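Notebook open, model loaded. I want to go through the strands, then the charged pairs, then the pockets.

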Amino acid sequence: MSDPVLLESIRIEDGQLPLLSFHQERVDRSRKVYFAKSPAFRLSGIIDSLDLPQTGVHKLRLLYGAGLHRAEVEPYSVRPVNSLQVVHADGLRYGRKYADRRDIQQLFAQRGSCDDIILVQRNQLTDSSYANLALYDGKRWYTPAWPLLRGTRREQLIRQKIIHPTVIRLRDIAYFKAIRLINAMMEWEECPTIRSEAVLVP
């Protein structure tokens with residue numbers, strides 16, 4: 001079995017990469033699993049070698065393994081999401097940020113008329129197809145304790161005590177007023193927020 005190609009999607013805002021330390025933490029965790037004997041992979045050194053845009057919001061995609069495979073930069077804008085379809089995904093494994101997302105795309109194809117999906121495993125909420133989840137009960141924001149992937153924005157928001165990890169079961173959706181999709185490319189205030197009644201449960 002060949003080693004996987006891993007991926008980091010990093011927000012560039014006016015030439016700055018505010019979550020870089022969180023991305024480095026995740027890269028280190030992933031490489032410890034697959035490439036522990038390889039030389040250190042320092043994101044800051046790669047960034048210094050690139051000619052990054054100095055204005056606007058862009059996505060930097062780094063594909064890597066033992067070393068860097070490819071770096072791509074493209075403009076970024078938030079994709080609107082107004083409805084979510086619950087999809088059961090007990091067989092899905094995505095504990096690292098892999099470049100190969102075919103299994104997730106197959107589940108995304110089950111969204112019907114909705115804009116995105118909520119992936120459920122063992123009747124617990126995990127993630128959407130491209131973002132972690134935050135749910136609002138009218139007082140506080142919570143995030144599933146066991147996401148498929150520990151996102152960098154999620155880690156930042158937990159440390160800032162803006163969101164709070166807890167087990168959220170499928171039946172608990174009814175107790176929340178809204179769901180927000182969070183990932184590294186979006187600031188907290190610009191993340192899509194979906195009314196709970198716009199979540200379709202099979």
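I started with the sheet: 3 strands make an open sheet in the order E1-E2-E3, with antiparallel pairing. I took strands (E, at least two residues) and helices (H or I, at least four) as DSSP runs, numbered from the N terminus. Two strands count as paired if DSSP finds at least two bridges between them. E1 and E3 are the edge strands, each pairing on one side only. From one strand to the next the twist averages 20°, where axes are lines fitted to C-alpha atoms and angles run from 0 to 180 degrees between N-to-C directions.

A note on the source: this is a predicted model, so I kept to its limits, with local features needing pLDDT of at least 70, side-chain atom pairs counting only at pLDDT 80 or more, and totals for chains, interfaces and linings using all residues. Residues are numbered from 1 along each chain as its sequence is written, and side-chain values use heavy atoms, with hydrogens and water left out.

Next I went strand by strand. E1 and E2 pair antiparallel over 8 bridges, and Glu 13 has Val 57 in E2 as its bridge partner. E2 and E3 also run antiparallel, joined by 7 bridges; there I found Lys 59 opposite Glu 74 in E3. How much of E1 is buried? I got 7 of its 8 residues, so E1 is largely enclosed by the rest of the structure. My cut-offs were buried under 20% relative accessible area, exposed over 50% and partly exposed in between (1.4 Å probe, protein chains only).

Then the charges. Side chains of opposite charge can pair when their charged atoms come close. The search of the whole structure gave 14 salt bridges.

Glu 25 bridges to Arg 159, with the closest N and O atoms 2.8 Å apart. This pair links distant parts of the chain, with Glu 25 in helix H1 (residues 20–34) and Arg 159 in helix H4, 134 residues apart. Glu 25 is partly exposed at 30%, and Arg 159 is partly exposed at 48%.

Arg 61 pairs with Glu 72, closest N and O atoms 2.6 Å apart. That one runs from strand E2 to strand E3 (residues 68–75), 11 residues apart.

Asp 100 and Arg 102 form a salt bridge with N and O atoms 2.6 Å apart at the closest. Is Arg 102 buried or exposed? Exposed, at 58%, while Asp 100 is partly exposed at 41%. I also logged a network of salt bridges linking Arg 11, Glu 13, Arg 153, Glu 187 and Glu 190.

Last, the pockets. I used a 1 Å grid over the protein atoms alone; a pocket is an open set of points where a 1.4 Å probe fits, with protein on both sides within 12 Å along at least five of seven lines, and lining residues have an atom within 4 Å of a point. Grid points are joined across faces, edges and corners, and volume is the space filled by probe spheres set on the points.

The largest pocket holds about 600 Å³. It has 30 lining residues, and Lys 97, Arg 101, Tyr 130, Ala 131 and Asn 183 are the closest to its centre. Strands E1 and E2 are among the elements that each supply at least two lining residues.

The second largest pocket has about 160 Å³. Its lining includes Arg 26, Trp 146 and Arg 150.

Conventions:
A salt bridge is a side-chain nitrogen of Lys or Arg within 4 Å of a carboxyl oxygen of Asp or Glu.
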